[in-house]
Amino acid sequence: MIMKNIRFLVVLLVLAASLFATSASAQTFKIRSGDLLRVEVLEDSSIDRDVLVAPDGRVSMPLAGNVRVAGLSITEAQRVLTNRLESNFATRPTVLVSLIELREVVPAAPAPEPDPIVTNIYVIGEVNNPGLVQTEETITLLQALSLAGGMTDFAALKRVQLRRAVNGRDTVYSVNFQQILDGQSDVGLSQMVDGDVIVVPARRLFE
């Protein structure tokens, strides 16, 4: 007898826990546009029907009209529909709302990778590969000249020019490349910016 009573109590506790979990879930879940609901009125089964939550968040019910339910929990939707239908019954009706189908959630498309920032540097004159040097990384004057193939034997090392647009004006910086080679200057470590032009002139006759 005692064992039967214990089993009965265990069953009651399981049922109570299940009902509590269902109630908590109903309070947590929020109805969204696109969800399919089942609405039942115990006092008048002719009103019972499956309703789709429209894009504006409303459902259409006989005697109740268009009722906004998006953003409400199941319990709140039952209360709102009950209030709308109450005037059509002698006593307050019993309205049950259940979820039949959730709106399909389409995952957001991943954000496109940003286009890399390309720095354009122009190297002209006495270099082995004159022309445009493009890079996605920050490089120095020495690295730009290296990417242009290095200087030829006819380069005027002491008269290299770096031309850069500053505030809309062409500014010319003189670079003594021989001093860079001799370790007397660190100008070669200057960082290039987009649009820089490196000019390597040819040596004069007795230079």
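## Salt bridges

In this predicted model, six salt bridges are counted. One of them joins the side chains of R38 and D50, with an N to O distance of 3.1 Å. Because R38 belongs to strand β1 and D50 to strand β2, this pair ties together parts that are twelve residues apart in sequence. Both partners are classed as partly exposed: R38 has a relative accessibility of 25%, and D50 has one of 45%.

Two further pairs may be described in the same terms. E86 and R92 form a salt bridge in which the closest N and O atoms are 2.8 Å apart. E86 is partly exposed at a relative accessible area of 32%, and R92 is likewise partly exposed at 41%. In the salt bridge between D170 and R163, the closest N and O atoms are 2.8 Å apart. Here D170 counts as exposed, because its relative accessibility of 51% lies over the 50% cut-off. R163, at 28%, is partly exposed. In general, side chains of opposite charge can pair when their charged atoms come close.

L36 has L52 in β2 as its bridge partner.

## The five-stranded sheet

A second open sheet is made of five strands in the order β7-β6-β10-β8-β9, with mixed pairing. Strands β7 and β9 (169-175) are at the edges, and each pairs on one side only. From one strand to the next, the twist averages 25 degrees. In general, strands of a sheet pair through backbone hydrogen bonds, either parallel or antiparallel.

At one end of this order, strand β6 (residues 119-125) and strand β7 (residues 131-135) are paired in the antiparallel sense over five bridges. The two strands form a hairpin, with five residues between them. T119 stands opposite T135 in β7. Elsewhere in the sheet, strand β8 (residues 160-166) and strand β10 (residues 197-200) pair in the antiparallel sense over three bridges. R163, which forms a salt bridge with D170, stands opposite V197 in β10.

## Surroundings of Q179

Q179 is a residue of helix α4, which covers residues 177-181. Q179 is partly exposed, with a relative accessible area of 33%. When residues up to four places away in sequence are not counted, Q179 touches Q184 and S185. The C-alpha atoms of Q179 and K158 are separated by 7.9 Å, the two residues being 21 residues apart along the chain.

## The chain as a whole

The chain contains four helices and ten strands. Read from the N terminus on, these elements follow the order α-β-β-β-β-α-β-β-β-α-β-β-α-β.

Of the 207 residues in the chain, 29% count as buried. Among contacts between residues at least 6 apart in sequence, 50% join residues at least 24 apart.

Terms used. Residues numbered from 1 in each chain as written. Predicted model: local features only at pLDDT ≥ 70, side-chain atom pairs only at ≥ 80, totals over all residues. Heavy atoms only, no water. Pairing = 2+ DSSP bridges. Buried < 20%, exposed > 50% of the residue type's maximum accessible area, 1.4 Å probe, protein only. Contact = heavy atoms within 4.5 Å. Axes fitted to C-alpha atoms, helices over the stretch in contact; angles between N-to-C directions. Salt bridge = Lys/Arg side-chain N within 4 Å of Asp/Glu carboxyl O.
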